[in-house]
Amino acid sequence: MAGRWIETWEPEDETFWREKGERVARRNLWFSVLSEHIGFSVWTLWSVMVLFMGPEYGVDPAGKFFLISTATLVGAVVRVPYTFAVARFGGRNWTIFTAVSLLAPTLAAFWVMEPGTSYGTFVAVAALTGIGGGNFASSMTNINAFFPLREKGWALGLNAGGGNIGVPVVQLIGLLVIGTLGAAHPRLVLGVYIPLIVVAALCAALYMDNLRPVRNDTGAAKEAVRDPHTWIMSALYIGTFGSFIGYSFAFGLVLQTQFGRTPLQAASLTFMGPLLGSLIRPFGGRLADRHGGARITLAAFAAMAAATTVVIYASATASLPVFLVGFTALFVLSGLGNGSTYKMIPGIFHAQAIEKGLDGEAAAAHGRRLSGAAMGFIGAVGALGGLAINLAFRQSFQTTGTGTAAFWSFLAFYGVCSALTWVVYLRRPAPVPAKAQVGYAEV
């Protein structure tokens, strides 16, 4: 796939950006969103498939939580190689490949979704759907290279938010099938996605570009891994994106297991939280562009702790209305925090460049170099937060029959994330250079 290669790309040059760069970057953004959107739908496919798995499938709630945990784990692990594949093969070329590869798990699920299939087969197919989670990492790395620092919060938030909407969309399709035909037709959900995957691959081939200046830099990768901010931001991303994806996978199962909802009742409720969380993510990035990512992130974690308290009360008292209010708030706040944390990443490395005496394009290039490398690791570790949430639910339901114990552990972690954000990025004198606390470079 030789593809279309852009030889020169200088988004920080305002003249270049105004005359050519913005138009090209936005075109690539929209078709990146399309591919990532379908990738998220495939990744979270088993959050819907388990709703179709009645008693005749012979899989208990713990087994279903393990299925969705398997998909989460694989999706987190593949994010690291997917990040570096963009520079090796080109953003357009890799998007084509990753879109086409989504046919494998979709067709496999279409083949096995029927009573009598062995549990091991279900686990293997759930693992295969994890490749959809890698699309996020390559898409974010690609779009990060297209946009100037002053617009990264909005662009990355829009890219990620549009991708995240793949979660509620696949859940809505599942709801439509269950509501009209019952829970005996899971293959109809899968049949919807096969042509959409082909369309996404064709659009990437026709309308996206590769950037020649983007190159794999093993030195940048090693430097990013050694930088403590990479791991601090990974922890914060566990709290934001890890919460979003973990709750997205688990919501329907929690409603069925703890509140006795039928598949139709669960499906009719599960999509709203992921939808709102996805839609608000770009605004989290925009707020971070204007007010600083650390401030918005801290506010999001504080509010998530409050919402978790509401959920704990509802879980202990078996109040479904209160539970839905608190859980939906968690989705919205995690989406807001998703946008603000990803805005922080390029700002932090840009600030380090300023501290080293760089300025202008040199500082921006340093920030792009390290933030592009760091995003893969941060995205992978953050996605592991979704695995931790699903395993926590599995253990909580196995030992106590409710999710209350799991929510207590989530509350404690949000407290840790709040403290970490304040201590590292907001307290005075701030460890992040003072120059990074003003203007568009604010973290």
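Biologist: Which rings pair, and within what distance of their centres?
Modeller: Rings of Phe, Tyr and Trp (its six-membered ring) pair if their centres lie within 6.5 Å, and planes under 30 degrees apart count as stacked, over 60 as edge-to-face and the rest as tilted. By this rule the count here comes to 36 aromatic pairs. This is a predicted model, in which local features need pLDDT of at least 70 and side-chain atom pairs count only at pLDDT 80 or more, while totals for chains, interfaces and linings use all residues. Residues are numbered from 1 along each chain as its sequence is written, and side-chain values use heavy atoms, with hydrogens and water left out.

Biologist: How is a pair of aromatic rings described?
Modeller: A pair is described by the distance of the centres and the angle of the planes. Phe65 and Phe397, for example, are stacked, at 5.7 Å centre to centre with 15 degrees between the planes. Phe65 lies in helix α3 (residues 61-77) and Phe397 in helix α18 (residues 360-400), so this pair ties together parts that are 332 residues apart in sequence; helices (H or I, at least four residues) are DSSP runs, numbered from the N terminus.

Biologist: Are Phe65 and Phe397 buried or exposed?
Modeller: Buried means under 20% relative accessible area, with a 1.4 Å probe and protein chains only, and both Phe65 and Phe397 are buried. Phe397 also forms a tilted pair with Phe393, at 6.4 Å centre to centre and 35 degrees between the planes. Phe393 is buried too, with a relative accessible area of 0%, whereas the value for Phe397 is 11%.

Methods. Helices (H or I, at least four residues) and strands (E, at least two) are DSSP runs, numbered from the N terminus. Buried means under 20% relative accessible area, exposed over 50%, partly exposed in between (1.4 Å probe, protein chains only).
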